[in-house]
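Hi,

Here is the structure I said I would pass on to you. Have a look at it first, and then read my notes below.

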Amino acid sequence: MAEVRGFDESKVDDAGLNESIKKLTPEKIQRVVQRVFNKESAARLQVYLNTCVHCGLCAEACHTYVSRDHDPRFAPVSKVRDTIWELIKNKGKVEPEKIKDMARIAFTECGACRRCSMYCPFGIDIAYLILVMRRICNLLGVVPKYLQDTTNSHAATMNQMWVHQDEWIDTLQWQEEEAQFEMPNVRIPLDKEGADVMYSVIAPEPKILAQLLGNMAQIMTVAGIDWTMPATDGWDNSNMAMYSGDFEVMGRVEKLHWETAARLKVKKVVMGECGHAFRGAVYDGPRWLGWQYPPIPMVHAIEFYYDLLKSGRIKVKEKYKEHVTVQDPCNTVRGRGLGHKLRYVIDQLCENFTDIDPRFEHNYCCGAGGGTINCGPPWKPTRMRSTRVKAEQFERTGAGVIITPCHNCHSGIEDIVGHYGLGMHVKFINEIMVDVMEKPEDMG
Amino acid sequence: MADADKVNWQTGKQEIIDINSLTNQFKRVDEYAVSPDGDKIAVLGQAEDDTFTAIVNGEKWPESFELAWYLRFTPHGHLICLARIDDMWTLVVDGKPWENRFEFIWNPQFAKNSPAIALAYKSEFEYGVVVDDKPWENRFQAMRDFTLSPDGKHTAATVQVEPLGEADVFKFFEGVWSVAVDGKAWDSKYINTWRPIFSPDNSSVAAEIRTDIADYSLSVDSRDWSQKYGCVWEPVFSPDGSKVVAPVRHEGAWRMAANGELIWKTRFSQLWKPQFAPGGKKLAAIGSVEFGRWTIVIDDRPWGQTFRDMVLEPVFSPDGNRAAAVVKDENRWTICADGKTWHQDFDMVWDPVFTADSARVLAKVEKDGKYHLAADGSLKMGGFDKFWDPVVEPDGNNLLLRYIEDGKYIREVKKVSDLLG
């Protein structure tokens with residue numbers, strides 16, 4: 001397996017860290033740390049920190065630690081020790097350079113995947129502790145540049161890729177026309193009040209993967225779903241602000257998303273193949289806003305496809321023949337338990353499937369989640385160093401195609417495939433389903 | 001509805017048209033639009049030659065277009081759609097396109113007190129607002145959240161006033177966003193601005209602003225409140241224009257503020273959508289009194305009943321003494337009026353509508369795939385395939401109902417007393 005040689009993570013040129021710390025003073029650091037510890041995170045943080053017995057059982061759970069030859073610096077407990085614990089020990093009295101180190105650890109060496117929590121004998125949510133560190137970094141303005149830019153996009157445009165409002169509508173109309181080449185009666189209904197389903201996506205779909213929208217239009221049409229997409233902001237269900245520690249922007253984006261669903265009077269929201277967006281829209285976002293649950297039922301694409309196939313609304317004409325394996329996304333499989341439904345979908349669509357090992361909730365993180373891939377090109381070597389175990393996992397399957405029902409997994413695994421020379425392809429379920437489903441003759 | 005005095009309030013049931021005659025002229029048909037007075041029903045369709053046009057009560061518009069969408073009646077009864085002609089976009093009003101052409105237009109908005117129509121537009125890769133076919137002279141690199149004044153003579157929007165390089169996070173935090181009114185940006189620049197709104201007399205604009213990573217406040221005509229908050233939501237002017245009211249996050253809880261001062265004592269888990277009663281005597285909002293429980297709060301007093309899933313904007317009665325809102329609990333929708341929840345629940349509920357005397361609460365509801373009129377919690381009539389919000393005669397006793405039943409579009413005016421008892 002390929003190694004990343006000559007790369008020193010402490011010397012990465014990221015202005016979001018290197019330039020930002022120049023504006024910090026020890027006093028400001030202490031003020032922000034005290035705010036977060038005493039006013040925002042007090043009880044939960046204390047319980048976790050008082051419960052940990054430093055046993056280190058979390059270490060083997062971490063893809064970063066395992067991929068880096070069990071270097072103890074990358075064990076989850078070490079990441080907490082070098083960030084939050086140190087701030088508590090020093091009551092926030094640290095130098096700006098130290099904040100930079102902590103930001104690097106919190107943003108680029110942990111994917112907030114929560115695998116370690118399963119292996120902790122006390123179930124401590126170590127990812128939460130890392131996210132508290134990120135919250136401190138956010139309030140200090142020390143966030144990797146590209147991740148911060150994504151959050152800035154959320155704040156200004158309510159989507160994560162600076163998509164203008166006209167570009168969104170124009171792309172849907174273009175994709176409707178594209179899909180009509182396959183099925184003339186396909187529609188992408190826009191702003192249709194009273195539809196059963198609002199379909200929501202993350203901004204990379206209109207920006208760089210527009211064909212996924214056209215595919216979904218075909219699937220919705222064949223399945224006979226009464227659906228719509230919004231013609232105003234609120235269509236993006238993703239939330240990198242959740243991962244950069246900007247909870248105010250996270251809440252604003254989620255508020256608009258749910259207000260949009262309520263405005264359109266839909267009975268449920270179906271979201272595309274994304275994991276972090278699911279977490280943002282179903283868990284972290286609603287709870288910051290005061291909802292115990294999403295105010296309108298939200299169904300992830302895996303569950304939606306499962307229902308379509310199980311009910312016979314989508315029938316398979318001829319199964320996909322390539323040898324496939326799968327990525328279990330952390331936020332929908334470990335976080336939501338959709339692993340069995342995911343395999344049902346694959347079994348229905350594909351004839352040659354080799355499962356991953358370990359799998360389900362024990363699957364390793366792709367290394368791109370938790371906002372790590374949004375930290376951008378300067379940190380790609382870090383991700384590659386941290387995902388050797390993931391590459392080995394895929395290689396053992398012998399498959400030619402990796403199915404990844406998550407945008408972060410998809411992009412991160414494409415990087416892994418390229419870096420480690422796996423010679424595999426990465427596909428969304430959507431791409432396979434639209435190829436193999438039965439399209440009634442009267443639909444085109 | 002505007003121009004309610006022009007509506008024919010003669011009681012009776014009238015079949016306007018068999019809707020099959022509208023749809024069978026096209027190979028593809030979009031949603032139906034019904035005029036506020038109930039006299040017209042329209043569909044937008046794609047003809048065999050792939051052009052689009054509208055049919056109103058069986059009559060096709062004379063012109064057709066390369067592409068058209070968003071067919072709607074305005075509150076003043078004009079039928080509009082967005083249409084592409086020679087690869088450029090324009091608004092079509094009652095079949096007649098505006099003179100201006102744009103690279104793109106979207107998000108039509110209608111004035112409260114005039115027939116004015118505004119749109120967001122893009123030309124030469126810059127953005128602005130066009131009102132009644134008159135575009136802003138100044139355009140901006142980016143624009144969001146535009147709004148139209150009640151008299152339809154002014155518009156405001158959140159605009160990007162400085163160029164921003166790719167991933168230039170430092171310049172972003174210096175502030176490149178502002179509010180533009182009628183195309184002229186405020187002098188102040190902010191990290192972000194959101195949701196500008198006009199005062200009732202059309203003379204002032206208030207907006208949410210962000211001045212530091214986690215510092216939020218309100219600005220009125222570019223004069224910022226001196227107080228900073230952890231977050232703010234949408235402001236609203238009092239009917240007399242003397243106050244700007246907004247929910248603010250203060251010391252970890254949500255409070256109601258007016259002109260920069262906290263006015264409600266209660267600390268809420270969440271607070272949003274403030275609404276003044278007619279005359280401004282009462283102020284209502286949606287509040288979360290404890291985590292995960294929602295209700296309506298009026299003048300700092302929450303209703304006794306709370307709801308788990310969702311509560312939508314409160315609607316005041318014409319006399320301002322009553323309020324009602326759509327609520328949702330355990331995935332069932334219904335109405336709560338004055339803190340008392342209807343016994344029946346539904347698959348979906350539309351905004352409550354009060355009768356002119358403020359005595360009764362009506363709503364369009366959906367149950368088992370059919371639409372009904374509900375009043376004070378009971379189904380009164382329905383089983384319709386399609387149904388539009390009931391319209392109440394402003395100072396009278398009648399109700400206008402617009403629905404599709406057995407393939408026919410029906411306009412019906414009924415006496416409130418006959419229908420509701």
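Here is what I found, starting with how the chains meet and then going through some single residues.

One thing to keep in mind: this is a predicted model.

**Where the chains meet**

Let's begin with chain A and chain B. On the B side 61 residues are in contact with 63 residues of chain A. Put together, the two chains bury about 5100 Å², and 57% of that is on carbon and sulfur atoms. Within chain B, the residues that lose the most area to chain A are Arg144(B), Phe170(B) and Phe291(B), which together make up 14% of what that side buries. If you wonder why I quote an area at all, the size of an interface is often given as the accessible area lost when the parts come together.

I count 10 salt bridges between chain B and chain A. One to look up is Arg84(B) with Glu177(A), where the closest N and O atoms are 3.9 Å apart. The two chains also share 23 residue pairs in polar contact. Sorted by class, the side of chain B that touches chain A has 33 nonpolar, 8 polar and 20 charged residues.

**The cysteines**

How many disulfides does the structure hold over all chains? The count is 0. As a reminder, a disulfide is a covalent bond between the sulfur atoms of two cysteines. Two cysteines of chain A show why none turns up there. For Cys137(A), the closest cysteine sulfur is in Cys375(A), 11 Å away, so the two are too far apart for a bond. Cys365(A) has its closest cysteine sulfur in Cys330(A) at 4.2 Å, and that is also too far for a bond, because a disulfide needs the sulfur atoms within 2.5 Å. Both residues are buried: Cys137(A) has a relative accessible area of 0%, and Cys365(A) is at 1%.

**Some backbone spots**

Pro358(A) lies in the loop between β6 and α19.

Chain B has a couple of residues with a positive phi that are not glycine. Phi of Ala167(B) is near 55°, and this residue is in the loop between β15 and α2. Asn202(B) has a phi near 70° and is found in the loop between β18 and β19. Ala167(B) is buried at 6% relative accessibility, and Asn202(B) counts as buried too, at 15%.

**Two serines to click on**

Ser386(A) is in the loop between α19 and α20 of chain A. Is Ser386(A) buried or exposed? It is buried, with a relative accessible area of 4%. Leaving out residues up to four places away in sequence, Ser386(A) touches His63(A), Thr64(A), Ser67(A) and Arg68(A).

Ser217(B) is in strand β20 of chain B, and it is buried with a relative accessible area of 0%. Beyond four places away in sequence, the residues that Ser217(B) touches include Ala207(B), Ile209(B), Trp225(B) and Tyr229(B).

Cheers

Methods:
Residues numbered from 1 in each chain as written. Chains lettered and ligands numbered in written order. Predicted model: local features only at pLDDT ≥ 70, side-chain atom pairs only at ≥ 80, totals over all residues. Heavy atoms only, no water. Contact = heavy atoms within 4.5 Å. Buried area = accessible area lost by both parts, 1.4 Å probe. Salt bridge = Lys/Arg side-chain N within 4 Å of Asp/Glu carboxyl O. Polar contact = N/O pair within 3.5 Å; in protein donor to acceptor, adjacent residues only side chain to side chain. Nonpolar A, V, L, I, M, F, W, Y, C, P; charged D, E, K, R; others polar. Helix = DSSP H or I, 4+ residues; strand = E, 2+ residues; numbered from the N terminus. Buried < 20%, exposed > 50% of the residue type's maximum accessible area, 1.4 Å probe, protein only.
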